[in-house]
Amino acid sequence: MNPTALTITIAYSAVVLVAAVAILIVWRSTHSFERNRKDTTNTHRLAEGEKPWFFFAVAALALLLLSTLTFIPYGDNAKAEGQQAVAVESQQFAWTVTPSTIRAGVPVRFALTSKDVNHGFAVYNDRNILLFQIQVLPDHTSHIVYTFKEPGRYQVVCLEFCGVNHHKMVGTFRVEE
Ligand code: CUA
């Protein structure tokens with residue numbers, strides 16, 4: 001198992017465990033095991049107690065929004081100067097990457113277009129690990145910035161079903177020192 005898959009597996013297992021415990025706590029809190037128990041719950045006091053939680057949730061969401069807003073558009077938060085511009089043209093069923101040789105360690109700004117239908121531009125390293133992917137659309141230029149750390153051969157795979165030969169829509173480019 002590669003490190004990314006292991007991280008994902010551990011993270012998902014932790015989330016499932018937390019969710020299972022939460023469900024058990026909720027289930028236990030809503031089931032009374034006493035017979036003929038009189039309901040003495042002070043609902044007014046509980047309703048009052050919900051207000052701070054409501055404002056806490058709103059404040060937390062606002063904080064999350066404000067602290068992540070500058071990262072939009074996704075993947076385009078690198079400095080503009082010194083970037084390498086790479087144009088990617090897609091069509092059923094091929095990729096044209098210009099230039100086809102890219103320098104390592106310098107941010108690459110991909111500008112991607114499609115001549116026909118939607119495609120999915122996914123870049124894998126030579127260990128078949130997915131580095132990033134972005135949707136490519138007709139009549140629109142998509143942008144993504146990525147810095148290749150290691151020189152080598154990289155593979156492009158289409159991850160959006162685009163027709164009968166979708167599975168053959170692969171390409172390569174080289175990253176050099
Ligand atoms: Cu292009 Cu699938």
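**Figure 1. Surroundings of phenylalanine 110 in the predicted model.** Phenylalanine 110 is in contact (heavy atoms within 4.5 Å) with Val86, Val88, Ile102, Phe121, Phe132, Ser142, His143, Ile144, Tyr146 and Phe148, leaving aside its neighbours within four places in sequence. The model is predicted, so local features need pLDDT of at least 70 and side-chain atom pairs count only at pLDDT 80 or more, whereas totals for chains, interfaces and linings use all residues. Residues are numbered from 1 along each chain as its sequence is written, and side-chain values use heavy atoms, with hydrogens and water left out.

**Figure 2. The largest nonpolar core.** A nonpolar core is a set of buried Ala, Val, Leu, Ile, Met, Phe, Trp, Tyr and Cys residues joined through side-chain atoms within 4.5 Å; buried means under 20% relative accessible area, with a 1.4 Å probe and protein chains only. The largest such core has 23 residues, of which Phe110, Phe121, Phe148 and Phe173 touch the most other members. Two or more residues come from each of β1 (84-91), β2 (94-98), β4 (108-114), β5 (119-124), β6 (130-136), β8 (152-158) and β9 (170-176). Strands here are DSSP runs of E with at least two residues, and helices are runs of H or I with at least four, numbered from the N terminus.

**Figure 3. The open sheet of 4 strands.** The strands follow the order β2-β1-β4-β7, with mixed pairing; two strands pair if DSSP finds at least two bridges between them. Because β2 and β7 (142-146) stand at the edges with a single partner strand each, one side of each is left without a neighbour in the sheet. From one strand to the next, the twist averages 20°.

**Figure 4. Strand β1 and its partners.** β1 and β2 form a hairpin with 2 residues between them and pair in the antiparallel sense over 5 bridges. Serine 90 has tryptophan 95 of β2 as its bridge partner. β1 and β4 run parallel and are joined by 7 bridges; alanine 87 has alanine 111 of β4 as its bridge partner.

**Figure 5. Helix α2.** Of the 26 residues of α2, the number buried is 0, so this helix lies largely in the open. At its start, a side-chain oxygen of asparagine 42 reaches to within 3.3 Å of the backbone nitrogen of histidine 44.

Key:
Buried means under 20% relative accessible area, exposed over 50%, partly exposed in between (1.4 Å probe, protein chains only). A polar contact is a pair of N or O atoms within 3.5 Å; within protein, one must be able to donate a hydrogen and the other to accept it, and residues adjacent in sequence count only if both atoms are side-chain atoms. Axes are lines fitted to C-alpha atoms, for helices over the stretch in contact, and angles run from 0 to 180 degrees between N-to-C directions.
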